[in-house]
Amino acid sequence: MQKRRLSGRRPLLLAVGAGVTVAALAAGMTSAFAATVFSDDFTDGNTSGWSKSGGTWTVDGSGVLNQSNAGSELARQFAGQTSWTNYSVQARVRPTSFGSSSALVGLAARSTSSTKMYRLALLATGRAELQAVNGSSVTAIGSASLGIGAGTWYTLRIETSGSTIRGFVNGTQIASGSNSLAGAGRIGLVTAYASGGFDDVLVDSSGGGTPTTPPPTTTPPPTTTPPTTTPPPAGWPTPTGSQKVDATIPVSGTFDGGLKRYYGIGDGGQSESQDPMFELAAGATLRNVIIGAPAGDGVHCEGNCTLINVWWEDVGEDAATFRGGTTYTVDGGGARSASDKVFQHNGSGTVYIKNFRVENAGKLYRACGNCSTSYQRHVVIDNVTVQNTDAIAGINTNWGDTARFSRITIVGDPDRETSICVKYKGVPKGSEPTEIGEGADGVNCLYSPSDITYQ
């Protein structure tokens with residue numbers, strides 16, 4: 001391709017103000033640039049840094065922490081410091097099964113003990129409820145009927161500031177109130193008579209104040225061995241078979257292709273409005289799929305979605321378009337031969353791209369600059385290998401978009417022609433966005449030189 005020049009990690013626990021590169025940025029945060037004090041996406045395959053109380057907890061191969069004992073009355077994992085005061089904690093949470101009408105799966109903040117905390121619970125009744133929990137006494141601060149269902153991912157966030165507690169589901173506030181149950185405490189992941197999955201935990205100071213962490217009494221020893229990470233794939237998989245597709249394949253729940261190649265939609269070019277190969281309903285997961293040519297408009301996510309070990313051999317219009325949700329995850333896999341962009345972000349919220357490989361492309365990610373609705377959009381790109389690609393991400397700074405980068409490896413670019421982060425001025429539909437700059441700025445494009453490696 002002729003190059004065109006454009007004009008799971010281990011838990012992280014740090015004091016506020018330390019220079020931190022994280023692999024997660026909260027979708028819909030009150031402040032997208034607050035100091036991060038803890039994050040864990042479980043890609044290291046363990047729960048180091050967490051303490052368990054009840055339940056059966058394991059990290060699966062996709063880097064999700066699961067609690068599988070639906071008969072456990074109280075199953076909890078705690079992390080952080082008991083001295084933390086004002087902070088925001090966010091996580092992706094997926095109820096897997098509800099064992100009774102009183103079952104719940106949720107997130108906790110300011111936990112002072114295993115039975116005293118603020119809890120944002122997804123209930124078997126279909127409601128989300130923000131609660132003050134003190135032993136067997138549970139006080140509802142507020143709730144909303146959201147049609148909560150098993151098998152769907154939800155982004156939960158609790159913000160604490162003084163006595164004010166707020167709860168958010170998928171970026172929308174569902175409850176807010178004043179409560180003096182606990183002024184400080186740890187974060188937690190909780191289930192009761194239910195099983196569930198947890199991922200992308202993030203704690204920062206967007207709750208209205210600053211989490212306070214006491215300074216260490218001794219200087220920690222230097223790290224001599226880097227943490228274990230999942231490397232991006234080094235090669236492209238061999239298909240286990242091929243299947244011609246004549247019409248879009250709808251996906252609800254999980255579709256596992258067993259690394260079969262799917263092809264046959266569209267014309268293989270950049271013409272607009274081609275049909276997708278796969279259309280994912282809200283909460284759906286597509287995994288172990290090779291998308292051959294022609295591939296039409298690749299994958300459409302109509303809500304929150306997860307793409308695991310999905311490979312695009314020859315990107316057509318786009319590899320995937322994220323449309324109606326708030327949290328989208330691409331974990332593993334790769335894409336090549338994208339004359340324009342690989343991932344198109346039209347909806348709101350955050351796209352997470354990790355453990356991925358991109359070759360011969362225009363851009364890996366583009367936040368839509370002229371869609372009918374102008375959302376604030378975020379992307380988090382971690383542990384990605386880039387080769388012969390013009391730009392890694394393009395965002396619209398006038399709408400408050402952000403792009404965070406960590407563990408980026410750029411191959412075969414001695415002249416540093418690959419742009420890391422390109423800034424645009426977003427415009428109304430019907431106009432074309434204009435490029436206004438590129439490079440790290442600490443506000444919209446977030447990375448340091450140590451985050452980028454050239455090979």
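Both Cys368 and Cys371 are buried. A disulfide joins Cys368 to Cys371, with 2.1 Å from sulfur to sulfur. The model is predicted. In this model the disulfide count comes to three. Nonpolar packing is the other topic here, with a largest core of 52 residues and another core of 42 residues apart from it.

**Cys368 and Cys371**
- The torsion about the S-S bond of Cys368 and Cys371 is about 110 degrees, so this disulfide is right-handed.

**Cys421 and Cys445**
- Cys421 is bonded to Cys445, with an S to S distance of 2.0 Å.
- The S-S torsion of Cys421 and Cys445 is about -65 degrees, so the link is left-handed.
- This pair ties together distant parts of the chain, 24 residues apart.
- Cys421 sits in strand 30 (residues 419-425), and Cys445 sits in strand 32 (residues 445-446).
- Cys421 and Cys445 are both buried.

**Cys301 and Cys305**
- The sulfur atoms of Cys301 and Cys305 lie 2.1 Å apart and form a disulfide.
- The Cys301 and Cys305 link is right-handed, with 90 degrees about the S-S bond.
- Cys301 has a relative accessible area of 0%, so Cys301 is buried.
- Cys305 has a relative accessibility of 1%, so Cys305 also counts as buried.
- The cut-off for buried is under 20% relative accessible area.

**Pairing order**
- With the bonded cysteines of the protein chain numbered in sequence order, the pairing reads 1-2, 3-4, 5-6.

**Largest nonpolar core**
- In soluble globular proteins, nonpolar side chains tend to be buried together.
- The largest nonpolar core here holds 52 residues.
- Phe278, Trp312, Phe343 and Ile353 touch the most other members of this core.
- Strand 27 (residues 349-367) gives the most to the core, with eight residues.

**Contacts of Ile353**
- The contacts below leave aside the neighbours of Ile353 within four places in sequence.

- Another core, of 42 residues, lies apart from the largest one.
- Its members include Phe42, Ala109, Leu122 and Val201.

How values were computed: Residues numbered from 1 in each chain as written. Predicted model: local features only at pLDDT ≥ 70, side-chain atom pairs only at ≥ 80, totals over all residues. Heavy atoms only, no water. Core = buried A, V, L, I, M, F, W, Y, C linked by side-chain atoms within 4.5 Å. Buried < 20%, exposed > 50% of the residue type's maximum accessible area, 1.4 Å probe, protein only. Helix = DSSP H or I, 4+ residues; strand = E, 2+ residues; numbered from the N terminus. Contact = heavy atoms within 4.5 Å. Disulfide = S-S within 2.5 Å.
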